[in-house]
Amino acid sequence: LSGLIQGSPHYIWVAAFSSVGQGSYSTRVSQTTFEVPGAPTNLMISPPSGSCDQLMVTWTGPSNTGGLSVEYKVTLYRDGTLIHSNGTTTTTTTTWRGLTANTQYTVRVVAFNDLGDGGNVTEVEITRPKAPSISSL
């Protein structure tokens, strides 16, 4: 069947036809088609405790998974240029190391399933703070 609306219930029943005529209809079955997932929410970025060159990223999975299992693509940009991708993950946290202080980064998280990427990308910008300096007394 084609032209079905994703995420909507569909009802199907069949009957046989021959030169004698139409047979009885089968029992009706229903199925809701799958769809791409919604966007992740609650994207938060923070430096792990005691870290000077790391950022930890956490998020909440979408409330609408599209009816299928969800994975995530997490990417890190600096000045609009992709500098790192964690590939795909099923977890809702990742950490990047080796980041430069006083530099603005953009983190993007997109949920996807077997049907493709979710329609919305969750994005947050952060400037990696400078490590605290130690002054002599």
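1. Confidence. A word on pLDDT to begin with: it is the predictor's confidence in each residue, from 0 to 100. The protein chain has a mean pLDDT of 83, and 88% of its residues reach 70 or more. Confidence is highest in E7, at 92, and lowest in strand E12 (residues 122-128), at a mean of 75.

2. Ground rules. This is a predicted model, in which local features need pLDDT of at least 70 and side-chain atom pairs count only at pLDDT 80 or more, while totals for chains, interfaces and linings use all residues. Residues are numbered from 1 along each chain as its sequence is written, and side-chain values use heavy atoms, with hydrogens and water left out.

3. Overall make-up. The protein chain has zero helices and 12 strands (DSSP runs numbered from the N terminus: H or I of at least four residues for helices, E of at least two for strands). Of its 137 residues, 27% count as buried, meaning under 20% relative accessible area with a 1.4 Å probe, protein chains only; over 50% is exposed, and in between is partly exposed.

4. Contacts along the chain. Take contact as heavy atoms within 4.5 Å. Among the contacts in the protein chain with a separation of 6 or more, 55% are between residues 24 or more positions apart.

5. The nonpolar core. Such a core is a set of buried Ala, Val, Leu, Ile, Met, Phe, Trp, Tyr and Cys residues joined through side-chain atoms within 4.5 Å. The largest one has 16 residues, and those with the most contacts inside it include Val57, Trp59, Trp96 and Val107. At least two of its residues come from each of strand E5 (41-46), strand E6 (55-60), strand E7 (71-78) and strand E10 (103-113). E10 gives the largest share, four residues.

6. A look at Val57. Which residues does Val57 contact, leaving aside its neighbours within four places in sequence? They are Leu43, Met44, Ile45, Thr92, Thr93, Thr94, Trp96 and Val107.

7. A three-stranded sheet. E5, E6 and E9 form an open antiparallel sheet in the order E5-E6-E9, where two strands pair if DSSP finds at least two bridges between them. E5 and strand E9 (93-96) are the edge strands, each pairing on one side only. Four bridges join E6 to E9, and Met56 has Thr95 in E9 as its bridge partner.
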